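Please look over the sequence and the model shown below.

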Amino acid sequence: MALILTEEQTMVRDSARAFLADKAPVAHLRKLRDSRDRVGFSRELWKAFAAMGFCGILVPEALGGSGLGHVEAGIIMAEIGRNLTPSPFLSTALVGATALLRDGNAARNRELLPKLAAGDLILTLAVDERAKHAPAATALTAERSGNGFKLTGDKCFVVDGHVADLFIVAARSAGAPGEREGVTLFLVDARAQGVAVERTVMVDAHNAARVRFDGVTVDADAVLGEIDRGWPLLEAALDVGRAALAAELAGLGEEAFGRTLSYLKARKQFGRPIGSFQALQHRAARVFVELEITQAAVLKALQTLDADFERAAAFVAVAKARAGTSATLAVQEAVQLHGGIGMTDEFDIGLFMKRARVAQELFGDDGFHADRLARLQNY
Amino acid sequence: MSDLERFRRETRAWLEANCPPDMRQPVVADEDRCWGGRRPTFKSEGQRLWLERMVARGWTVPEWPQQYGGGGLSREEGRILRAEMRRLGCRSPLDSFGIWMLAPVLFKYGNEEQRREHLPPIARGEIRWCQGYSEPNSGSDLASLATRAADNGDHFLVNGQKIWTSYADKADWIFCLVRTDEAAPKHLGISFILFDMTTPGVSTKPILLISGKSPFCETFFDNVRVPKRNLVGDINKGWEIAKYLLAHERETVSSVGLPAGRPLGQIAAETLGSQDGVLADACLRADIARFEIDAIAFQLALERSGDLLKAGQASPAVSSMVKFYSAELNQRRHELLMVAGGSAALEWEGERSRSGERARNWLRSKGNSIEGGTNEVQLNVIAKRILDLPGA
């Protein structure tokens, strides 16, 4: 498969680009942040996402979705990255939908997926329990209780957890933290007895939550995937999220770099554009090269998720790590090359740096994925 | 069965029958490569046979037209041949500056007589070429070159000196940039000429490098007579050819410089050992994994740039990007190999280290960011031609 977008995918990109630039540019995030919005994203925008077919992008047409692939999902994420648009697209339309789709419970999916595609259901994965992503370290306990399970433990960095209708909770039903065996996924209603949600506003003005599960009882049919063998499903949902974040970081990095390049051409000191100085030209050229290489890695990961999902892990690790480091470089250079104005809250470039830091951390930073690649390559 | 499927099947069978076993081993050292020429050196009988058999089919240059010694294959067939060679691990039968650098110039700028004279011996590996570009006072500022070709009626009289001429002491012919108009602005007085290295007045002197090897020479021209029919393209228009060729060279240098074979972490595990399948040195393991991430991403970027080219969306300065990044990657790779090897990698002589192979390759890699246009020059090109940043 050629590592370029098809004509149809280019059309998806063009329409997503026009839509997001119009409806949700950086000013949209700024307004939500400055007004201390209680939701942190626009529910009206989320309904517009549904009308565009974005909410159900991965959901089959028979269940009310668009039936498109991961490349198309990544295309939308890249535009979200360019505009720093806050929305439950990642948590719900990609990670949440993947868990349901790959679990494959037909009755449950007939009930939930049309709602999700219509923008009427927010669903998120609760996996992290400590400050660094480590899914195998899952310790939240799932004790057998009657016909079902009782969940006890704390989760953090649950994206959109403050407004989620449903949580997909990674829990320890057997074995010990650190083992992949013994992890089970549960679908838990946010209103269930014993669930306590604390909204955490993050540095990038996006939202997550700390969620406490205090002896929450669920039926056996709340299980997603297999009991004690939930690991493959968890990794599948995470890998879709990681590849999507890589696409977001790639879009974000390109936008921050594009703005920096314009500034280098416009800003004059010593009687000439600062972009004429070789010291700055070389820094800009390095950033450009890093971002270009990342584009290929991201597209490969997305294409592999579409064509050969089971073999995508290494490419996803490469894409998430590369996108994380190259976007980090792009935003750091962006602030430095903008000089003093880059340090002001009024100017947008700092917002790109903030989002890049959060997206780097989410679902594993470059160090996490370097370790993962090393294991996949047997060293 | 489609024609291409049949071609694939026949090619596979032919390669299996005709590629000698030792030509299916990876190239480890520079000496493993076959360069042909009037005084060819073959490391083994297998290497000689492999060249002879591939030449007979025109497969040293599979996609060239047959009248120039090529295989006359379509692009699709060429791709299949390369894929089948990769599958079997076949080495390139012939490494050649003639194929990589001069031939594209002759196809684009040469006349028919020049193509007929020079392309078939290049394809057959009979004539080995070298490139006369850099001079002692013209490195990154190549267009300031001073080697003079004076108009002497039916020939040019060439005087001057080149440097960093790869394998000049082993080459049979040289393609050379010379000044043919001293009064014109520097880019507009350069011409591109070809001549035999046995012409009276040509001499070479190998340069000993930090690796202890001498792949480059100083090359001297003292009243060398070059027939005028050996001028390629128009007089004083050589700079355009030089730029065209440099772009090709960047791609070649890059494709040669790419790390191949096993993941670095597995090589490191041989000396450092592992615990539970994890490399014993945690710091080095992280460095290696980050290197592998960049190396895999770079391979994908190369693949993508090829696909963009086919789709007519190629960026003009992509070769600079490729040259820059492959040099950085290859240098990182050799640094990591030295760290992984520890004191064993420091041995300079003797069987155990294969005459200090790892250390010598490490030192050799330092030239990657200098030869064929320094990394700083590549960044200049990217800044100006892709990013459109203003000149000083």
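Is B:Cys217 buried or exposed? B:Cys217 counts as buried because its relative accessibility is 0%, where buried means under 20% relative accessible area, exposed over 50% and partly exposed in between (1.4 Å probe, protein chains only). This is a predicted model, in which local features need pLDDT of at least 70 and side-chain atom pairs count only at pLDDT 80 or more, while totals for chains, interfaces and linings use all residues. Residues are numbered from 1 along each chain as its sequence is written, chains are lettered from A and ligands numbered from 1 in the order in which they are written, and side-chain values use heavy atoms, with hydrogens and water left out.

B:Cys217 belongs to strand β7 (residues 216-227) of chain B; helices (H or I, at least four residues) and strands (E, at least two) are DSSP runs, numbered from the N terminus. Not counting residues up to four places away in sequence, the residues that B:Cys217 touches include B:Trp164, B:Ala168, B:Asp169 and B:Pro206; contact means heavy atoms within 4.5 Å. B:Asp169 is 48 residues away from B:Cys217 along the chain, yet their C-alpha atoms are separated by 6.9 Å.

A:Glu79 sits in helix α4 (residues 70-83) of chain A and counts as buried because its relative accessible area is 2%. Its side chain makes a polar contact of 3.1 Å with the side chain of A:Arg17. A polar contact is a pair of N or O atoms within 3.5 Å; within protein, one must be able to donate a hydrogen and the other to accept it, and residues adjacent in sequence count only if both atoms are side-chain atoms. Apart from neighbours within four places in sequence, A:Glu79 is in contact with A:Arg13, A:Ala16, A:Arg17 and A:Leu20.

Next come the domains. Chain B is assigned domain 1 (3-94), domain 2 (129-236) and domain 3 (258-386), with bounds that come from an automatic or database domain assignment. In chain B, the C-alpha centres of domain 1 and domain 3 are 26 Å apart, and four residues of domain 1 are in contact with four residues of domain 3. These two domains of chain B bury about 260 Å² between them, 41% of it on carbon and sulfur atoms; buried area is the accessible area (1.4 Å probe) that two parts lose on being put together, summed over both. On the side of domain 1 of chain B, B:Val28, B:Ala29 and B:Arg79 lose the most area to domain 3, together 77% of what that side buries. Between domain 1 and domain 3 of chain B the count of salt bridges is zero, a salt bridge being a side-chain nitrogen of Lys or Arg within 4 Å of a carboxyl oxygen of Asp or Glu.

The last part concerns the two chains. Chain B and chain A bury about 3600 Å² between them, 68% of it on carbon and sulfur atoms, and the contact takes 40 residues from chain B and 43 residues from chain A. In chain B, B:Ile293, B:Arg304 and B:Leu387 lose the most area to chain A, together 17% of what that side buries. Four salt bridges are counted between chain B and chain A. A:Asp366 forms a salt bridge with B:Arg290, with the closest N and O atoms 2.9 Å apart. Across this interface of chain B and chain A there are 14 residue pairs in polar contact (both at pLDDT 80 or more). α8(B) gives the most to the side of chain B that touches chain A, with 16 residues.
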